[in-house]
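The following exercises concern one structure, shown below.

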Amino acid sequence: MPIQGRKVAIVGMGGAFPDCADLAVFDKKIFTGQSLIREWPKAVEFQKQIRSTVSGYIDDNDLGLEPIYYVEGYDWPETFVDTLGRIPDINLSTADLGSVWAMLGSLESIRMAGWTKTETQSERTGVVIASGGAGNVIMRHAWHAFFEFGKKSRLAGSHTVDRTMSYREAANVSCLIKNKGVCESITSACATGLGNIGYAYRLIKFGLQDRAVAGGVEGTSIETFIGFDAMQVLSKGFSPAESSRPFDTSRNGFVCSFGAGIVALEEYEMAKARGATILAVIDEYFNNSDGDGNMFYPSYDGQRRLWQGLMAGAEIKPDVVKVHGTATPVGDIIELISVVDTLGEDGYHISAPKSQFGHMLGAAGSVELITALLMLKNQQVPPCLNSDTLNHEQEKFQQKDGWAGSQKPAEAYRHLIPQETVTKEINQVVCLNYGFGGTNSAMAISKDN
Amino acid sequence: MVNERQEIIDGLIEVLRTVRTVDPALLENVTEETDFLTDMSMPSTELINIAAKVEQKFDVEFEDDDIDELGSTVKDVVDLILKAKARGVA
């Protein structure tokens with residue numbers, strides 16, 4: 001249970017962001033309204049086999065990484081070289097690309113936090129990081145060599161397990177920073193990024209840990225991409241920068257992207273006592289499930305209960321609601337209405353950063369939380385790109401019997417969704433993320449007063 | 001046969017240069033007595049990767065039993081390659 005009066009601060013952040021060399025570039029591009037979405041050559045290669053070819057993808061070069069390929073004919077990196085010397089080779093040898101990003105983000109977060117080696121390596125420091133997908137890239141090639149080429153199992157190499165296991169990112173980060181506390185992964189599809197940070201928050205709030213490195217990752221994977229492409233849920237038919245269109249009437253799917261977002265959490269009084277810069281205080285975290293038996297369809301009822309749970313534990317009066325906002329036909333407006341029915345029709349803005357960088361799946365919640373931290377720092381709300389036209393008519397679900405939410409069309413809430421960067425006083429941001437299986441997560445963060 | 005053994009060692013060193021966990025400086029004075037685990041500080045999990053790469057490099061296939069009993073010196077690997085080559089010829 002939570003310990004009364006014990007608070008949790010966010011004291012560091014880092015990660016891997018599409019079309020950005022580092023966090024500073026990400027910060028600049030987001031708040032100057034740029035899109036990080038590009039035509040993805042890897043997807044274009046497959047021509048008519050694939051529907052969607054746009055992505056917020058990351059160039060290895062941008063992050064100072066160089067893949068080393070196994071042998072000729074095997075298009076998979078045996079390992080990566082860190083040309084900037086941040087991660088030792090022994091740690092790189094056990095890491096898939098997403099785990100490398102997790103390690104880079106963790107090192108950056110710890111450096112920003114200013115933790116000593118003793119603090120980082122303490123029994124009171126945990127690692128809670130996960131990704132949404134499996135180690136698909138490594139598995140495909142390992143399996144292909146065995147099943148299709150009939151090769152010995154050893155041709156897959158001795159690192160197939162550590163580079164594909166479900167908690168590979170947490171394991172790799174823990175082996176790198178040598179913490180002695182918790183090392184776990186919490187997975188919940190596209191709510192994974194926020195869910196891991198929420199779980200780490202509870203570890204500290206409940207008195208089980210004093211510090212945690214936490215976040216979500218989604219390593220580049222055409223294998224992951226085609227899974228969603230097959231479902232026909234990816235955006236199609238727009239130029240890259242116009243592909244992610246939350247709330248817009250012409251939206252037809254999300255943009256599948258990749259990245260990593262890691263934060264450093266610390267018990268508030270300890271962080272204050274050592275003079276740390278407090279990026280934000282976590283007011284509350286709450287998660288639940290739709291409970292309607294539907295794997296995919298978003299639930300207004302589930303989201304309303306999510307808000308109620310969040311509000312039961314803390315004073316919630318956000319200046320910005322950072323929504324999940326994927327730009328899928330149904331999800332956006334159900335979410336918009338659940339927000340409006342909870343908070344009213346004025347007094348806050350809605351931010352949908354996927355409009356700028358797409359949907360990073362397991363990394364979405366954590367990279368978007370970092371975006372919210374930057375909103376607190378900059379006192380600005382980034383624009384919701386491509387939200388050009390909002391429906392002036394009711395959605396079909398609003399006309400169904402039993403619909404309990406607002407009857408107004410999306411256009412009635414145009415004023416909540418900025419199309420340009422807005423500068424204003426921001427003291428609290430609520431972050432929302434959902435995942436397949438009907439899982440819902442919410443976190444409220446505030447400026448330190 | 002000395003030349004053949006030296007050629008195999010040279011090929012083995014080429015393979016080792018592609019293994020990132022091996023310090024390139026340690027590859028300057030490799031002999032048959034060099035031990036991968038103690039002299040090169042190599043994690044034991046890398047040995048199987050080297051065996052798989054050596055199979056590719058020399059176009060041979062080792063028996064599982066031979067791999068299970070493989071020692072950790074350069075000599076052990078050279079002997080294994082020669083054994084596999086001989087079997088291949090036969």
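**Exercise 1. Describe how H9(A) packs against H15(A): what are the angle and the axis separation?**

Step 1. Helix H9 (residues 192-205) of chain A and helix H15 (residues 364-378) of chain A pack with their axes 4 Å apart, at an angle of about 75 degrees. Helices (H or I, at least four residues) and strands (E, at least two) are DSSP runs, numbered from the N terminus. Axes are lines fitted to C-alpha atoms, for helices over the stretch in contact, and angles run from 0 to 180 degrees between N-to-C directions.

Step 2. H9(A) and H15(A) are therefore roughly perpendicular to each other; the classes are under 35 degrees for roughly parallel, over 145 for roughly antiparallel, 65 to 115 for roughly perpendicular, and oblique for the rest.

Step 3. On the H9(A) side, A:Thr192, A:Gly193, A:Leu194, A:Gly195 and A:Ile197 take part, and they meet A:Ala364, A:Gly365, A:Ser366, A:Val367 and A:Leu369 of H15(A). The residues of this contact comprise 5 nonpolar, 5 polar and no charged. Two residues are in contact if their C-beta atoms, placed from the backbone, lie within 7 Å. Ala, Val, Leu, Ile, Met, Phe, Trp, Tyr, Cys and Pro count as nonpolar, Asp, Glu, Lys and Arg as charged, and the others, Gly among them, as polar.

Before continuing, note the conventions: residues are numbered from 1 along each chain as its sequence is written, while chains are lettered from A and ligands numbered from 1 in the order in which they are written. The model is predicted, so local features need pLDDT of at least 70 and side-chain atom pairs count only at pLDDT 80 or more, whereas totals for chains, interfaces and linings use all residues.

**Exercise 2. Characterise the overall build of chain A.**

Step 1. Chain A contains 15 helices and 16 strands. Its radius of gyration is 21 Å, close to the 22 Å that the globule rule gives for 449 residues, so chain A is as compact as a globular protein of that length. The radius is taken over C-alpha atoms, and the rule is 2.2 Å times the number of residues to the power 0.38.

Step 2. Along the principal axes, the C-alpha atoms of chain A fill a box of roughly 60 × 60 × 40 Å.

Step 3. Of the 449 residues in chain A, 54% are buried. Buried denotes 20 or more other C-beta atoms within 10 Å of the residue's own, exposed 12 or fewer, and partly exposed the range in between, with C-beta atoms placed from the backbone.

Step 4. Among contacts in chain A between residues at least 6 apart in sequence, 79% join residues at least 24 apart.

**Exercise 3. Examine two backbone exceptions: where do A:Ala189 and A:Gln232 lie?**

Step 1. Most residues other than glycine have a negative phi.

Step 2. A:Ala189 has a positive phi near 50 degrees and lies in the loop between E7 and H9 of chain A. A:Ala189 is partly exposed, with 19 other C-beta atoms within 10 Å.

Step 3. A:Gln232 has a positive phi of about 60 degrees and lies in the loop between helix H10 (222-230) and E9 of chain A. With 11 other C-beta atoms within 10 Å, A:Gln232 is exposed.

**Exercise 4. Locate B:Val22: is B:Val22 buried or exposed?**

Step 1. B:Val22 lies in the loop between helix H1 (2-17) and helix H2 (45-58) of chain B.

Step 2. B:Val22 counts as buried, having 20 C-beta neighbours inside 10 Å.

Step 3. Not counting residues up to four places away in sequence, B:Val22 touches B:Leu16, B:Leu27, B:Met40 and B:Met42.
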